[in-house]
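Work through the exercises below with the structure open. Try each task before reading its solution.

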Amino acid sequence: VSTQSTGVPVSAHGTNPASAQMAGMTVVIVKTLPDGQIDMDDVREKCEKHSKNLSSIMITYPSTYGVFESGVRELCDLIHEHGGQVYLDGANMNAQVGLCKPGHFGSDVSHLNLHKTFCIPHGGGGPGVGPIGVKKHLAPFL
């Protein structure tokens with residue numbers, strides 16, 4: 001029996017691979033380029049290699065390196081071509097305010113964690129607070 005694989009860029013928030021592993025998934029690390037962008041060649045290679053059991057990729061936008069991925073739409077399209085879903089971790093939502101429209105990136109799930117943006121208490125291992133937006137095809141699972 002093959003477990004489901006999820007891609008997690010090196011630049012993603014540390015909770016992404018931890019959550020995937022806790023859910024019983026195989027975490028596939030995706031490289032980043034020297035400028036901090038996700039290495040799309042590595043994504044393509046890993047999509048091909050894990051295509052039969054690719055469930056998703058979990059990205060942090062902007063990344064923990066502070067990079068706004070210029071290829072985020074291309075990344076989402078590539079994952080979808082291989083049957084996967086895209087989870088966008090908006091842990092750095094404060095950097096997006098007034099600049100970005102996460103709903104236009106192409107992700108299937110967007111978690112907009114607001115503890116930094118609106119000074120919501122967050123610590124001691126407690127949960128983040130903020131909306132989770134999903135595309136229509138996932139709404140029945142909420």
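**Exercise 1. The overall layout**

How many helices and how many strands are there in the protein?

*Solution.* Note that this is a predicted model. Count the elements: there are 4 helices and 6 strands. Next, read them in order. From the N terminus on, they run β-α-β-α-β-α-β-α-β-β. Then turn to burial. The protein has 142 residues, and 46% of them count as buried. Finally, look at contacts between residues at least 6 apart in sequence: 55% of these join residues at least 24 apart.

**Exercise 2. Two helices**

Find how α2 and α3 pack, and name the residues that meet.

*Solution.* Locate the helices first. Helix α2 covers residues 40-49, and helix α3 covers residues 72-81. Their axes lie 10 Å apart, at an angle of about 10 degrees. Angles under 35 degrees count as roughly parallel, so α2 is roughly parallel to α3. Now list the residues. On the α2 side they are Met 40, Val 43, Arg 44 and Cys 47. They meet Glu 74, Leu 75, Leu 78 and Ile 79 of α3. Sort this contact by class: 6 residues are nonpolar, none is polar and 2 are charged.

**Exercise 3. The largest cavity**

Which residues line the largest cavity?

*Solution.* Start with the count. There is 1 cavity of 30 Å³ or more. The largest cavity holds about 80 Å³ of space. Its lining is made up of Ser 5, Thr 6, Gly 7, Val 28, Val 30, Val 43, Lys 46, Cys 47, His 50, Leu 54, Ile 57 and Ile 79. At least two lining residues come from each of β1 (5-9), β2 (26-30), α2 and β3. By class, the lining has 7 nonpolar, 4 polar and 1 charged residues.

**Exercise 4. A glycine in a loop**

Is Gly 103 buried or exposed?

*Solution.* Find Gly 103 in the loop between α4 (93-96) and β5 (109-111). The relative accessibility of Gly 103 is 66%. Exposed means over 50%, so Gly 103 counts as exposed. Last, compare sequence with space. Gly 103 and Gly 133 are 30 residues apart in sequence, and their C-alpha atoms are 8.2 Å apart.

Notes: Residues are numbered from 1 along each chain as its sequence is written. This is a predicted model: local features need pLDDT of at least 70, side-chain atom pairs count only at pLDDT 80 or more; totals for chains, interfaces and linings use all residues. Side-chain values use heavy atoms; hydrogens and water are left out. Axes are lines fitted to C-alpha atoms, for helices over the stretch in contact, and angles run from 0 to 180 degrees between N-to-C directions. Angles under 35 degrees count as roughly parallel, over 145 as roughly antiparallel, 65 to 115 as roughly perpendicular and the rest as oblique. Contact means heavy atoms within 4.5 Å. Ala, Val, Leu, Ile, Met, Phe, Trp, Tyr, Cys and Pro count as nonpolar, Asp, Glu, Lys and Arg as charged, and the others, Gly among them, as polar. On a 1 Å grid over the protein atoms alone, a cavity is a set of points where a 1.4 Å probe fits but cannot get out, and a pocket is an open set with protein on both sides within 12 Å along at least five of seven lines; lining residues have an atom within 4 Å of a point. Grid points are joined across faces, edges and corners, and a volume is the space filled by probe spheres set on the points. Buried means under 20% relative accessible area, exposed over 50%, partly exposed in between (1.4 Å probe, protein chains only).
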